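Colleague: I would like to learn how to read a model of this kind. Please take the features one by one.

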Amino acid sequence: MMHDTHSTPTLSIQNVSKHFETGKGTVTAVDHVSLDIQQGEFISIIGPSGCGKSTLMNMIGGLITEYDGSILLDGKPVRGCQPEIGMVFQEESTFPWRTALDNVAFPLEAGGVPKDKRHVRAHELLDLVGLTGFENHFPSELSGGMRQRIAIARTLAFQPRILLMDEPFAALDEQTRLLLGDKVVQIQQKLKQTTLLITHNIAEAVQLSDRVLIMTFRPGRIKRVVEITLPRPRSSEMVGSEKFAAYVAEIWADLRQEASKGLKETEAAAAH
Amino acid sequence: MALAKQMISRVTLYRISAALFLLTLWEAAGASGLFFKGVLPSTWFIGKSLIRLSGDPIFWGHFSVTLFEILSGFAIGSLVGIIVGLALGMNRYSGQIFEPVIEYLAATPKVVFLPILLILFGIGVGSKISLAALSCFFPMTLSLAAGVRGMNPMFLRVGQTLNLSLAQRIRMIYLPALVPPISTGLRLGFGIATVGALLSEIKLSNKGLGHAAMQAYARFDIPTMMAILIVIFALAGLGNMLIGSIIRLPGPNTRRLTKETS
């Protein structure tokens with residue numbers, strides 16, 4: 001099937017809202033969010049804790065199925081999990097009983113791909129994320145950053161139309177995070193993988209994205225969209241550049257208001 | 001390394017001397033005349049009985065009956081235990097409804113069910129197998145239900161995002177993730193399956209090692225009885241060791257699993 005990539009976005013989020021019932025009444029986590037992602041685009045959603053960005057991600061990924069509005073993949077409405085929408089989580093999710101290779105081959109094995117074929121594919125993907133030579137290592141023998149790369153390779157194994165990543169590097173230290181950012185840039189360059197990244201790290205968002213969406217604190221709305229026009233390929237060396245710093249400052253100015261609102265509300269709630 | 005070796009040899013040394021000490025105590029108590037004559041036969045006579053039994057086809061008949069009862073009871077009880085444990089752990093409501101009942105029953109000595117089992121399955125191997133199965137069912141079920149609940153929820157999330165079927169989730173996620181609780185269940189289960197089979201043999205039966213031991217007791221052939229008991233101990237111990245080593249065969253996996261989840 002061929003799509004005119006400019007008329008039909010790969011992923012289209014249309015007027016999506018999510019309300020939660022709590023003891024104190026209804027909380028609106030996500031409020032009328034609309035967003036189009038074109039084939040090959042890398043988009044980051046950034047926002048303070050509690051802005052509903054993970055909720056949004058879980059709705060797109062199909063883990064939350066009850067919400068208002070609609071989500072379209074290649075123009076077709078979807079609800080619930082689709083193998084075409086790949087998810088990478090913040091939490092540890094590699095299977096400790098499988099080697100790196102068999103972890104990456106997992107989705108292919110579930111899909112009935114024969115052993116030799118899926119191993120060839122898994123080798124390629126491990127190479128892509130820079131883990132050649134670690135095929136037969138178990139996750140416990142690898143670092144947190146390496147395990148997270150296995151999780152990314154595993155998700156890519158099914159060749160998803162769109163890759164969703166929910167703060168995949170949040171548990172890692174800053175240096176590792178920057179270097180892994182380089183890796184993600186390289187992967188992006190090679191695969192032209194359409195990606196939606198959820199993060200609360202501004203530098204990460206600027207380094208990786210074509211567009212950065214800033215979300216408001218509860219209820220979660222899209223406050224502003226910042227186009228990042230830094231030349232590609234980018235690397236972590238850019239983090240020190242003036243242009244980079246200007247983007248970070250611009251985003252922080254917006255984010256700061258939301259984050260302090262969130263902080264105030266959290267502290268007020270704690271005081272009660 | 002040298003220190004480790006020294007430690008091991010020291011432990012072994014203590015073990016051997018402890019065994020020798022117990023043997024001496026046994027012999028001394030037997031020779032002391034404090035007990036009724038023949039109650040504590042010399043290890044020499046027990047050894048002779050053992051040798052005689054090893055050439056006795058009737059003994060081997062009893063042996064194979066007991067082995068069959070233990071193994072089939074163990075297999076049935078463990079399999080059903082795995083299935084029920086998975087179901088209890090996977091479904092919050094079934095867990096909340098049935099688990100308290102299972103926990104109460106688990107604490108009850110299973111031998112109280114023997115009269116029912118005798119009526120249901122007769123005094124042959126049926127009642128023995130069913131008591132063995134019933135005995136090892138409980139630890140497996142409870143160990144597995146707890147194991148499912150302790151699983152990293154992200155494993156299941158991954159399965160969910162890939163739209164795996166229930167059979168795929170069980171085969172590719174639940175079972176491999178649950179190797180540690182399953183092996184615990186198997187190891188605990190084998191011992192008490194043995195207890196279950198032998199207990200019911202001793203109570204009422206016409207075959208098996210328990211029956212043979214009771215016959216020797218009735219004849220007041222204490223050395224033979226002791227010899228049979230030794231065979232039973234060896235059987236239980238060997239089975240336990242065997243299960244332990246089989247489960248540990250994919251070795252690094254099991255160890256890694258526990259390391260990972262801790």
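Colleague: What percentage of the 262 residues in chain B do buried residues make up?

Modeller: A residue is buried if 20 or more other C-beta atoms, placed from the backbone, lie within 10 Å of its own, exposed if 12 or fewer, and partly exposed in between. In chain B, buried residues make up 34% of the 262 residues. Before going on, note that this is a predicted model, in which local features need pLDDT of at least 70 and side-chain atom pairs count only at pLDDT 80 or more, while totals for chains, interfaces and linings use all residues. Residues are numbered from 1 along each chain as its sequence is written, and chains are lettered from A and ligands numbered from 1 in the order in which they are written.

Colleague: How many helices and strands does chain B have?

Modeller: Helices (H or I, at least four residues) and strands (E, at least two) are DSSP runs, numbered from the N terminus. Chain B has twelve helices and zero strands. Its C-alpha trace spans about 75 × 60 × 30 Å along the principal axes.

Colleague: Among contacts in chain B between residues at least 6 apart in sequence, what percentage join residues at least 24 apart?

Modeller: Two residues are in contact if their C-beta atoms, placed from the backbone, lie within 7 Å. For chain B the share is 76%.

Colleague: At what angle do the axes of α3(B) and α6(B) cross?

Modeller: Two packed helices are described by the angle between their axes and the distance between the axes. Axes are lines fitted to C-alpha atoms, for helices over the stretch in contact, and angles run from 0 to 180 degrees between N-to-C directions. Angles under 35 degrees count as roughly parallel, over 145 as roughly antiparallel, 65 to 115 as roughly perpendicular and the rest as oblique. The axes of α3(B) and helix α6 (residues 125-149) of chain B cross at roughly 30° and come within 6 Å. These two helices, α3(B) and α6(B), are therefore roughly parallel to each other. The residues of their contact divide into 22 nonpolar, eleven polar and three charged; Ala, Val, Leu, Ile, Met, Phe, Trp, Tyr, Cys and Pro count as nonpolar, Asp, Glu, Lys and Arg as charged, and the others, Gly among them, as polar.

Colleague: How do the axes of α3(B) and α9(B) cross?

Modeller: Helix α3 (residues 57-90) and helix α9 (residues 179-203) of chain B have axes that cross at roughly 135° and come within 9 Å. α3(B) and α9(B) are therefore oblique to each other. Residues of α3(B) in this contact include B:Gly73, B:Phe74 and B:Gly77, and those of α9(B) include B:Gly185, B:Gly189 and B:Phe190. By class, the contact of α3(B) with α9(B) has eight nonpolar, nine polar and two charged residues.

Colleague: Why is α2(A) largely enclosed by the rest of the structure?

Modeller: Helix α2 (residues 100-110) of chain A is largely enclosed because nine of its eleven residues are buried. Among them are A:Asn103, A:Phe106 and A:Pro107. The cover over the buried residues of α2(A) includes α3 (115-128) and α4 (144-156) of chain A, together with α8 (166-177) of chain B. Just after α2(A), A:Gly112 has a positive phi of about 80°.

Colleague: Into which domains is chain A divided?

Modeller: Domain bounds come from an automatic or database domain assignment. Chain A is divided into domain 1 (1-84 + 164-175 + 193-272) and domain 2 (91-159). Five residues from each of these domains of chain A take part in their contact. The centres of the two domains, taken over C-alpha atoms, are 26 Å apart.

Colleague: How many residues does the contact take from chain A and from chain B?

Modeller: It takes 17 residues from chain A and 21 residues from chain B. The side of chain A that touches chain B has twelve nonpolar, three polar and two charged residues.
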